[in-house]
Amino acid sequence: MQYIRSYAFLVTLAIALYAAYSFVPPPGAGYRTLRIGHYVGVNNSAWTGYLTAMMSSIYISAIGLFLINSNIKRDIDTGVGMIIATTSISNFHYLLTKALSNFMVLLSIMGIIMLMSMAVFMLRDGVYPFEMSQFILPFLFITIPSLFFISAFAVAAEVFLYRSSVWMNTACLGLLIAAMVMHTNVHSNIDFFGVKAVTMTMQHNLIAANPGIHPEVSMGFIFSKKNNLIAFTFEGIQWSALFLLNRLFWMCAGLLLIIVSSRFFHRFDISPIVKKQKKTSSDLFIPKASQIKDIKLSLLPHIKPSFGIIPLIKTEFLLLVRKGPRWLWLVNLGGMIALIFSPLTFAHQFILPVLWFLQAGRWSDLSTKEKTNNIHYFSYASYKPLTRLFSAQLIAGILLSLLLASPLLLRYLIGMQFLSAGMIFIGALFIVLAAAFLGLLTGGKKLFEILFFLCVYSNVNSVPFTDYFGALNHSTVYVMDMLIATVCLALFSFQWRKLEMKRL
Amino acid sequence: MKLQIQQVSKKYNKEKYGLKDFSLSIENGILGLLGPNGAGKSTLMKIISTISRPSSGTVDLDGHDILQNPDYIRSMLGYLPQDFGVYANLNAYEFLEYIAAMKGVGGPGLKGRIEGLLEGLNLIASAKAPIGTYSGGMKQRVGIAQALLNDPKVLIFDEPTVGLDPEERMRFRNLIADLAQNCIIILSSHIVSDIETIADQVAIMKSGQLITTGTQADLIQQAEGKVFEVLMNNEDLAAFKTKYQVVNTMRYKDQLKIRYMSNDPIHGSIPIIASLEDAYLYLTHQ
């Protein structure tokens with residue numbers, strides 16, 4: 001309920017609505033989400049229902065995992081966990097409750113997508129009859145088991161990796177990559193998303209009807225200009241006992257994860273581990289009888305007005321650099337070296353977006369960290385907080401993105417490729433401003449992290465639409481478009497922060 | 001300096017007010033704010049600190065409307081919120097430098113001033129350690145240091161003694177008593193004794209409204225002749241509490257010594273000289 005009542009959930013739902021609309025593209029759209037060789041299904045109930053359920057199984061799992069992976073952390077942060085620890089609730093029941101609450105969040109998103117897909121189907125064209133079961137059953141058998149497993153996995157990841165959000169995100173990313181690999185590998189029988197059985201049935205039906213063809217399944221947002229696509233009619237699949245057992249297996253695996261996690265759950269007794277990690281100052285510094293001495297402020301050196309923002313930028317930059325584990329800087333350094341020595345196109349298209357994505361955690365709370373750290377009482381009462389402090393935060397974020405991209409920028413500048421260098425510069429501005437704006441809009445960092453993840457996934461798959469840093473688009477018109485988008489983000493961000501401060 | 005708060009209200013919804021028609025004039029010296037939880041003390045302090053905007057009313061500092069021009073007070077403000085956080089990755093020195101930059105102060109004296117404050121607040125030995133490793137009391141002292149950083153002329157302390165031990169509290173009271181010569185200090189606390197010893201003026205709030213204001217003597221005067229002590233058995237206490245406002249209960253030999261307030265004392269009661277705490281309880285329970 002806590003998450004469902006939040007503003008961030010509303011934004012997530014808005015995105016879910018758009019996703020439902022985009023999962024089944026209209027006939028004239030410039031992209032496809034499922035293609036079997038040159039064949040695509042006609043938009044009847046079965047195609048729409050199955051396709052939406054399969055896409056939901058993949059994308060809600062991917063997005064949802066990052067959306068729900070801080071459910072226990074919230075209990076630690078708010079101190080509620082300490083109260084829960086003293087109650088009679090067992091570890092298993094507590095973790096099961098957490099997994100179920102995660103599941104409810106994902107189910108609500110799925111429900112919206114399902115309803116939206118039905119509405120889109122009925123509104124788009126009335127050629128094919130509406131068959132309710134072709135929508136309900138795929139969601140029930142394909143999507144729901146995936147979402148249950150993801151909900152349980154998020155809880156297990158929190159139990160075992162609660163000390164490091166980076167490791168937790170890495171584990172989530174690892175699971176998704178593994179699931180994707182298994183999904184695309186024709187020799188693998190493991191089908192976590194429940195998609196393979198459907199696409200293989202489509203493939204077999206097509207081969208049976210058109211002997212001699214060998215169509216390959218392509219799934220995801222496939223942008224192509226192919227006009228020679230052939231329509232075929234898909235009527236759904238027979239839900240075999242084996243398929244249903246496979247889906248049940250993943251739900252049981254989720255339950256097993258919770259049972260195993262409950263054996264190792266810290267039950268909020270985490271202070272000994274924290275103490276092992278770092279020596280507290282009270283260990284270093286033995287308190288004396290009188291902590292506060294007699295201070296004569298009049299005897300202290302005098303200070304002068306100083307309205308420059310360089311000290312603010314310096315500290316904001318320091319905060320960004322120190323955030324996250326230190327080893328990540330080794331990875332960053334490796335990425336920067338790779339930007340120097342890799343082929344220019346590869347460095348621009350693949351290394352740079354991944355290198356920037358590794359900083360998602362640093363940028364995602366750029367505009368919200370004052371509230372999450374309870375610093376806003378100081379910052380909002382500071383001198384010109386909008387033009388000085390907020391500007392300093394954005395500049396520090398942009399400096400970090402430019403620092404990481406600097407090897408590539410230098411290569412372009414030396415090679416007199418000013419347009420490409422300019423696009424990287426705009427990209428650096430864009431991603432930081434997007435982080436700030438989405439943070440202000442939702443009051444949290446999840447939405448930016450999810451969108452950034454989807455964006456970098458699209459970037460490495462060469463989707464032109466998400467190319468915010470000019471790896472694929474090299475026209476001056478595109479530069480201007482991105483520049484306008486960046487300026488708009490800046491204006492919206494400043495205006496939103498101004499309103500936020502007025503609303504206090 | 002003169003801070004004038006006139007008819008200030010903070011409305012959350014149709015029926016709920018954080019502050020209602022609050023008016024008060026404050027000059028150099030210490031104003032102690034007393035009131036139960038939810039009385040509106042923190043809301044008032046946030047409004048004066050320009051963190052929160054009132055729904056109506058005006059707040060002027062030396063004739064400058066600080067609601068229209070918040071930067072006027074911000075340049076001379078020291079504010080210690082009740083529940084503040086820190087950036088755990090910064091050390092005390094870096095954090096204070098950052099706060100100084102936020103406040104728009106600097107110059108060659110800044111380093112020495114930060115060191116002086118850290119020394120005075122006994123944080124110099126741990127100044128290079130990340131604040132995330134500090135104890136609650138140490139963080140509170142960092143909060144006090146940041147409030148004093150810019151040579152403030154208006155100092156607002158919301159529950160400043162939370163986390164300080166009794167001796168630290170006494171030192172802190174001495175410190176702000178020294179500062180009060182040249183600036184306005186507004187201090188809220190649940191601990192009446194914190195205010196009793198240093199406040200020049202006391203304001204008592206309840207349900208977002210100002211009940212009364214005046215010197216401590218003025219307030220105590222209102223409870224004079226209404227505080228009594230009586231001895232009774234333990235089993236009579238519950239019935240007594242339903243009729244009288246009990247301030248304090250102490251075990252005395254085999255009986256209980258009850259300090260209570262009433263306009264009509266029971267037989268055997270001894271009149272007691274009222275304290276600020278008695279006055280506070282009397283006024284907030286009327």
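Predicted model: local features only at pLDDT ≥ 70, side-chain atom pairs only at ≥ 80, totals over all residues.
Local features are given where pLDDT is at least 70 and side-chain atom pairs count only at pLDDT 80 or more, while totals for chains, interfaces and linings use all residues. Residues are numbered from 1 along each chain as its sequence is written, and chains are lettered from A and ligands numbered from 1 in the order in which they are written.

**The interface**

- In chain A, 44 residues are in contact with 56 residues of chain B, where contact requires C-beta atoms, placed from the backbone, within 7 Å.
- Helix H11 (281-284), strand S5 (304-305), helix H12 (310-322) and helix H17 (376-379) of chain A each supply at least two residues to this side; helices (H or I, at least four residues) and strands (E, at least two) are DSSP runs, numbered from the N terminus.
- H12(A) gives the largest share of the side of chain A that touches chain B, namely six residues.

**The strands**

- S5(A) runs antiparallel to strand S7 (residues 105-106) of chain B and is joined to S7(B) by two bridges.
- A:Lys304 has B:Gly106 in S7(B) as its bridge partner.

**The helices**

- H12(A) packs against helix H3 (residues 92-103) of chain B at an angle of about 140 degrees, with the axes 9 Å apart; axes are lines fitted to C-alpha atoms, for helices over the stretch in contact, and angles run from 0 to 180 degrees between N-to-C directions.
- A:Pro311, A:Leu312, A:Thr315 and A:Leu318 in H12(A) meet residues of H3(B), including B:Glu94, B:Tyr98 and B:Met102.

How values were computed. Contact = placed C-beta atoms within 7 Å. Pairing = 2+ DSSP bridges.
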